[in-house]
Amino acid sequence: MATKHHYLNPFILSPDIPDEYFCDRKAETETLLRYVMNGNNILLISPRRMGKSGIIHHVFNRHEVKDKYYSFFIDIYETSSLEEFVQKLGQEIVGKLSKKGLNPLMAFLKSLTGLRGVFSLNPSTGMPSFSVGIGDITQPELTLNEIFSYLESADKPCIVAIDEFQKVADYEQNNVEAILRSKIQMMHNTTFIFSGSERSVLAQMFGSAARPFYQSVSTMSLGPIECAEYTRFAINLFDSYGKQLNEEAVESLYNLVQGYTYYLQRAMNESFSLLPSETVCDRSFIFERIDGILTSNTDTYKELLSSLTANQRALLTAIALEGKAMNITSVEFVKRHGLGAVSSVQTAARSLLKRQLITRDSEKQYYMDDKFLELWLIRPYGISLEIRLAQNKQ
Ligand SMILES: Nc1ncnc2c1ncn2[C@@H]1O[C@H](COP(=O)(O)OP(=O)(O)OP(=O)(O)O)[C@@H](O)[C@H]1O
Ligand SMILES: [Mg+2]
């Protein structure tokens, strides 16, 4: 039965999803809420595109959090120094406070004594806007202290989510981890959610006794949404718009992209928008839409490949062809894919891991998180979506 919706397409591709279009994650949401409300700092790990940012926004939108906490969210993927980290955090707080009015914003800005920024008044709203350039942060540690003291003295408890936290380990200044840890340890009014997708780097940062953040968090892993949950969700959404979706079709899609949330949502979004009226959305319709997406991504993929060395390209393709690759430095693997020297495979693997084009699980299996790129890479080898689906089911 068709119900009223505000969205033209209910399969939302941005991380901040209204509750009615958010699929499952019930248990994970409760756990995350419980940790936050009990003041536990959290490490949230998942493969790329599985839904880390999504669940953090979902928790922030819950009334228990909305009414009682100030919540902040920064993604530090693009940062490479403490200055940039401080800039991101400062800007996020300014952005949130601007919505609350002039006084809270001014109070915050006054507390930042070490900062020179640029003030301007927005003529239409009368609100000040404040922009901080990297050059304005001359004493990043002092400013970080001041920001943290501000959070500590806020009239409500605060939650700070730092996405792609593993980036901190790459900063040139190598004591940033220690600086952050020593300050965060002292905070009582503020809970932190650290999240990221580089499992091995994060496991080192939080699990190795020599590192500052050693055993300082409760860890949560986010896996794929269960197939039955996603299937029910997708069918219901189609139904509520008066459209029909075949159950087997969603299950096949799920197997094809191995439950990775983004690729499910992207394929369903496209299928939903292109489905002719009075037709049922079935497997071949969805697979044709994916083929279309892969074709339209071709330029982007080609550009990405051209930024790799020949060895890296060859290894990436070999891993894509195998789906899950074991013993990639064995003579047998190297021979089967014509990869040349074992040492060059090792070097290529390191670079691909660093660029997050491949991941390695605890059983030393290598695979790609970008399921569409994987499908695109194997297409010229005659492996169609149907064939890959059959392989995945084995
Ligand atoms: N529970 C959910 N229900 C519906 N869609 C979701 C859900 N969780 C995530 N998504 C969608 O899946 C996609 C990926 O989610 P998200 O950006 O949260 O992943 P991520 O793990 O943060 O990825 P990245 O590693 O790239 O940062 C987004 O398009 C988002 O809209
Ligand atoms: Mg994210």
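Guide: Start with a term. A nonpolar core is a set of buried Ala, Val, Leu, Ile, Met, Phe, Trp, Tyr and Cys residues joined through C-beta atoms within 7 Å. A residue is buried if 20 or more other C-beta atoms lie within 10 Å of its own, exposed if 12 or fewer, and partly exposed in between; C-beta atoms are placed from the backbone. This is a predicted model: local features need pLDDT of at least 70, side-chain atom pairs count only at pLDDT 80 or more, and totals for chains, interfaces and linings use all residues. Residues are numbered from 1 along each chain as its sequence is written, and chains are lettered from A and ligands numbered from 1 in the order in which they are written.

Visitor: Which residues have the most contacts inside the largest nonpolar core?

Guide: Leu253, Leu264 and Ile319 do, in a core of 94 residues. Helix H4 (residues 82–98) gives the largest share, six residues. Helices (H or I, at least four residues) and strands (E, at least two) are DSSP runs, numbered from the N terminus.

Visitor: What does Ile319 touch?

Guide: Ala325, Ile358, Tyr366, Tyr367 and Met368, leaving out residues up to four places away in sequence. Contact here requires C-beta atoms, placed from the backbone, within 7 Å.

Visitor: Which residues of helix H10 (residues 247–256) are buried?

Guide: Ala249, Val250, Ser252, Leu253, Tyr254 and Leu256. They pack against several elements, including helix H9 (227–240) and helix H18 (385–393). Gln258 follows H10, with a positive phi near 55°.

Visitor: Why is ligand 1 said to lie between domain 1 (25–221) and domain 2 (227–296)?

Guide: Both domains give residues to the shell around ligand 1, so the ligand lies between them. Domain bounds come from an automatic or database domain assignment. The domain centres, taken over C-alpha atoms, are 36 Å apart.

Visitor: What comes nearest to ligand 1?

Guide: Cys23, Gly51, Lys52, Ser53 and Gly54, of 21 residues around ligand 1. Being near means a C-beta atom, placed from the backbone, within 6 Å. Helix H2 (52–61) and helix H11 (261–274) each give two or more residues to this shell.

Note on methods:
Contact = placed C-beta atoms within 7 Å.
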